[in-house]
Amino acid sequence: MAKATDVKEAKFVEVKCPDCENKQILFVKSATRVPCQACGSTLATPTGGKCAIKGEIVGVVE
Ligand SMILES: [Zn+2]
């Protein structure tokens, strides 16, 4: 699990899908819904700023 401070600063995070456990990198300020590439489940939804991430954040990409 990534540290909250790292996640706050991150532009890209690695998220684990809650449905299929696929891991993928996503942009935290995505303006569009981000689907899981494996099962199509929603991993993040846009909020106008930082998107709401549904899965578990397992890593931060520098
Ligand atoms: Zn999935």
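Author: Welcome! Two strands count as paired if DSSP finds at least two bridges between them. Keep in mind that the model is predicted.

Reader: Thanks! What does the secondary structure of the chain come to?
Author: From the N terminus on, the elements run α-β-β-β-β-β-β. Counting them up, the secondary structure of the chain comes to 1 helix and 6 strands.

Reader: Where in the chain is confidence lowest, and where is it highest?
Author: The chain averages a pLDDT of 92, and 98% of the residues score at least 70. Where pLDDT is low, the predicted coordinates should not be read in detail. Confidence is lowest in helix H1, residues 4–9, with a mean of 79, while the highest value, 97, belongs to E3.

Reader: What is the radius of gyration of the chain?
Author: The C-alpha atoms fill a box of roughly 30 × 25 × 15 Å along the principal axes. For the 62 residues of this α-β-β-β-β-β-β chain, the globule rule gives 11 Å, and the chain comes close to that, so it is as compact as a globular protein of that length. Its radius of gyration is 11 Å.

Reader: How many bridges pair E1 with E2?
Author: Strand E1 covers residues 12–16, and its pairing with E2 is antiparallel. Phe-12 stands opposite Phe-27 in E2, and Glu-14 stands opposite Ile-25 in E2. The number of bridges between E1 and E2 is 5.

Reader: Which residue of E6 stands opposite Glu-14?
Author: E1 and E6 run antiparallel and are joined by 5 bridges. On that side, Glu-14 has as its opposite residue in E6 Gly-59.

Reader: Which elements give two or more residues to the largest nonpolar core?
Author: This core has 10 residues in all, among them Val-13, Val-15, Leu-43 and Ala-44. The elements giving two or more residues to this core are E1 and E4.

Reader: Which residue in the turn of the E1 and E2 hairpin has a positive phi?
Author: The hairpin has 6 residues between its two strands. Most residues other than glycine have a negative phi.

Reader: Is Glu-21 buried or exposed, and why?
Author: Glu-21 sits in the loop between E1 and E2. Because Glu-21 has 12 C-beta neighbours inside 10 Å, it counts as exposed.

Reader: Which residue is the bridge partner of Val-34 in E4?
Author: A second open sheet has 3 strands in the order E3-E4-E5, again with antiparallel pairing. Its edge strands, E3 (34–35) and E5 (52–53), each pair on one side only. E3 and E4 (residues 42–45) pair over 2 bridges. The partner of Val-34 in E4 is Ala-44.

Reader: How far are the C-alpha atoms of Val-60 and Val-13 separated?
Author: Val-60 lies in strand E6, residues 56–61, and it touches Ala-2, Asp-6, Val-7, Ala-10 and Val-13, leaving aside residues up to four places away in sequence. Val-60 and Val-13 are 47 residues apart along the chain, yet their C-alpha atoms are separated by 4.4 Å.

Reader: What share of the 62 residues in the chain do buried residues make up?
Author: To count as buried, a residue needs 20 or more other C-beta atoms within 10 Å. Val-60 has 19, so it is partly exposed. Across the chain, the buried share is 18%.

Methods. Residues are numbered from 1 along each chain as its sequence is written. This is a predicted model: local features need pLDDT of at least 70, side-chain atom pairs count only at pLDDT 80 or more; totals for chains, interfaces and linings use all residues. Helices (H or I, at least four residues) and strands (E, at least two) are DSSP runs, numbered from the N terminus. Two residues are in contact if their C-beta atoms, placed from the backbone, lie within 7 Å. A nonpolar core is a set of buried Ala, Val, Leu, Ile, Met, Phe, Trp, Tyr and Cys residues joined through C-beta atoms within 7 Å. pLDDT is the predictor's confidence in each residue, from 0 to 100. The radius of gyration is taken over C-alpha atoms; the globule rule is 2.2 Å times the number of residues to the power 0.38.
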